[in-house]
Amino acid sequence: MKEIASLLHLTPPQVYETVTFYTMLNLKKVGRFHIQVCKSLMCALVGSDTLIGWIKTKLGIGPGETTPDGLFTLNAVECLAACGTAPMMQINDDYYERLTEEKVDRILADLRTTGTCSLKTGPFMWPDPVNAVRSEK
Amino acid sequence: MPKYEPILLKNMLQPGYTGSLADYERTGGYQAVRKVLGKMAPTDVTQLVMKSGLRGRGGAGFPTGVKWGFLPKDYRGPRYLCCNADESEPGTFKDRQLIERDPHQMLEGIVLACYAIGAEVAYIYIRGEFVLGATILERAIAEARTAGYIGKNILGSGTTVDVWVHRGAGAYICGEETALLESLEGKRGLPRVKPPFPATHGLYSKPTVVNNVETLANLPHIINRGAEWFASIGSPPKSTGARIFCVSGHVKRPGNYEVPMGITFRELIYEHAGGMRSDKPLKAFIPGGASAPFLTPDHLDVKMDFESVAAAGSMLGSGGVTIMEEGTSMVWAALRLMEFFYHESCGKCTPCREGTSWLVQAMRRIVNHRGRMEDLETLSDLCKNIAGRTVCAFGDAAIAPIQSTLKHWRQEYVSLIHEAEAANLLRPAPVGARH
């Protein structure tokens with residue numbers, strides 16, 4: 001933050017005050033994969049708390065914690081604008097929606113091995129009349 | 001099930017539509033820009049939008065043409081257009097679909113709006129979490145720039161419009177127009193006191209118009225098919241056009257549904273969204289995102305336009321309809337939304353900053369069987385002291401869940417407190433705002 005301050009001709013507190021305002025600017029180190037599960041009411045109605053529970057059991061970390069190998073950090077965050085395809089989570093830049101326990105297993109396994117997962121949802125449209133049947137599988 | 005002609009979703013519903021410039025032009029895209037730039041006077045465009053009755057689709061529902069008309073006429077300096085793509089209202093996810101699936105529709109609307117208000121620079125403030133959306137937008141802007149729809153001397157008309165994408169970093173309050181301007185300027189997103197309004201003193205204190213993604217996406221259609229056509233759909237004269245409603249919660253088919261304004265909630269929920277997901281009946285629903293007061297099954301036949309929903313005691317807001325089935329605890333639901341508002345409060349105004357904190361503490365006590373009967377009075381008292389005493393509308397929005405659940409489901413609060421009394425649990429005296 002001191003570097004940014006000197007680049008922009010600001011004082012460090014001016015940079016710090018802006019950084020602390022925004023939730024996406026992390027002041028602590030996060031793991032390689034930052035798992036952000038939406039916990040707002042609309043996701044909670046369809047099981048986001050269960051989703052957080054699954055991740056807790058599978059990775060052994062609670063919200064706000066990082067796995068010992070530094071791979072995953074879990075955070076419960078506010079609405080990510082995916083309420084129709086809940087429960088969902090955002091990992092780094094990608095959204096993973098309409099989650100079930102099997103999908104979560106697969107996502108975590110894929111991320112651990114290859115670092116990317118094909119289950120990430122692309123340009124958003126729901127309901128998707130064209131792919132509705134295919135995407136149920 | 002009644003079928004309505006899709007307007008905003010028309011392109012993306014076609015199989016194989018990728019949102020690229022070629023696809024958009026093939027379906028008649030950028031015709032409005034050709035029709036307007038250099039051929040219609042900017043004030044005529046504003047008049048047209050006023051006649052169509054288009055109202056803001058972000059939540060406040062302010063008539064768009066009127067908002068554009070507030071800009072000073074003889075001001076010679078720079079003006080700005082800001083597209084509000086900071087969709088953070090819980091229950092709303094329509095802008096994400098519009099941005100990711102049909103970005104050029106929105107870009108064409110931005111060019112038209114800039115021409116009408118005389119702005120040469122437009123900023124799209126997109127929330128930081130929409131990484132894919134920002135990438136798609138930047139790609140679309142590059143395509144449009146190469147084709148000459150954005151940039152200097154668009155299509156030889158002499159108009160210059162430059163569009164830039166500015167990513168946010170995770171703050172719901174930055175969807176409020178003045179907080180958005182503060183955030184664009186690089187500061188903490190704290191809302192400004194209004195007046196002066198952004199129309200006269202906005203971005204960098206220059207005349208600015210802030211419009212929602214869906215509002216701007218309607219503009220090409222209004223230009224192409226006329227203001228009378230737009231005004232004939234929906235619920236004229238006050239709530240014209242179609243809207244994309246986002247249905248979520250305990251329904252069979254949650255998702256985005258584009259329907260004309262004025263249909264009933266019953267039609268939207270039971271016919272378009274497939275009805276309740278299980279055999280449990282509907283207990284409560286929210287008509288317009290987290291800031292809208294809860295409504296009961298008695299309100300299912302209310303028409304979905306701004307006036308009718310306001311008359312029913314709520315607001316149409318951002319169009320995020322959330323359904324809750326029998327068995328959902330209203331106190332728990334109000335607490336969840338209260339935690340959202342507590343987290344997202346910017347901290348500028350004492351009533352909101354402190355009030356949301358105390359409301360959450362009191363609600364947590366009640367939900368965890370540690371409540372007292374005095375807590376209900378504390379809750380009402382706090383709500384009354386927050387509403388209308390803040391710089392922006394966040395304070396009024398924050399108390400909506402608690403006030404409406406207390407009004408319609410007070411018995412649930414009372415039962416939780418009685419359960420606490422019966423179980424004889426340790427209940428510390430509330431440290432509240434009333435002494």
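**Note on the predicted two-chain model**

1. Pro196(B) is placed in the loop between H9 and E4 of chain B, where helices (H or I, at least four residues) and strands (E, at least two) are DSSP runs numbered from the N terminus. Pro195(B) is found in that loop too, between helix H9 (177-184) and strand E4 (208-212) of chain B. The peptide bond leading from Lys194(B) to Pro195(B) is cis, with omega near 0°, and the bond from Pro195(B) to Pro196(B) is also cis, with omega near 5°. As background for a reader checking such geometry, most peptide bonds are trans, and most residues other than glycine have a negative phi.

2. Residues are numbered from 1 along each chain as its sequence is written, and chains are lettered from A and ligands numbered from 1 in the order in which they are written.

3. Ala81(A), although not a glycine, has a positive phi of about 60°, and its place is in the loop between strand E2 (72-77) and strand E3 (89-91) of chain A. Ala81(A) counts as buried because it has 28 C-beta neighbours inside 10 Å; the scale used here, with C-beta atoms placed from the backbone, calls a residue buried if 20 or more other C-beta atoms lie within 10 Å of its own, exposed if 12 or fewer, and partly exposed in between. Asn153(B), likewise not a glycine, has a positive phi of about 50° and belongs to the loop between H8 and strand E3 (162-167) of chain B. With 10 C-beta neighbours inside 10 Å, however, Asn153(B) counts as exposed.

4. The contact between the chains takes 29 residues from chain A and 45 residues from chain B, two residues being in contact if their C-beta atoms, placed from the backbone, lie within 7 Å. On the side of chain B that touches chain A, at least two residues each come from helix H1 (10-13), helix H6 (94-101), helix H8 (131-147), strand E7 (242-249), strand E8 (255-260), strand E10 (320-325) and helix H14 (330-344) of chain B. H14(B) gives the most to this side, with 6 residues.

5. Chain B is divided into domain 1 (10-232), domain 2 (237-325) and domain 3 (330-423), the bounds coming from an automatic or database domain assignment. The C-alpha centres of domain 1 and domain 2 of chain B lie 26 Å apart, and 19 residues of domain 1 are in contact with 20 residues of domain 2 of chain B. On the domain 1 side, H6, helix H10 (213-225) and helix H11 (227-232) of chain B each supply at least two residues, and by class this side has 5 nonpolar, 9 polar and 5 charged residues.

6. An open sheet of 4 strands with mixed pairing runs in the order E8-E7-E10-E9 (chain B); two strands pair if DSSP finds at least two bridges between them. E8 and strand E9 (282-286) of chain B stand at the edges, each with a single partner strand, so one side of each is left without a neighbour in the sheet. The twist averages 30° from one strand to the next. E7(B) and E8(B) pair in the antiparallel sense over 6 bridges, and Val247(B) has Gly255(B) in E8(B) as its bridge partner. Helix H12 (residues 265-272) of chain B lies across E7, E8, E9 and E10 of chain B and runs at about 135° to E8(B), with axes taken as lines fitted to C-alpha atoms, for helices over the stretch in contact, and angles running from 0 to 180 degrees between N-to-C directions.

7. Chain A has 6 helices and 4 strands, which follow the pattern α-α-β-α-α-β-β-β-α-α along the sequence. Its assigned domains are domain 1 (1-25) and domain 2 (31-121), with C-alpha centres 29 Å apart. Of the 137 residues of chain A, 34% count as buried.

Definitions and conventions: This is a predicted model: local features need pLDDT of at least 70, side-chain atom pairs count only at pLDDT 80 or more; totals for chains, interfaces and linings use all residues. Ala, Val, Leu, Ile, Met, Phe, Trp, Tyr, Cys and Pro count as nonpolar, Asp, Glu, Lys and Arg as charged, and the others, Gly among them, as polar.
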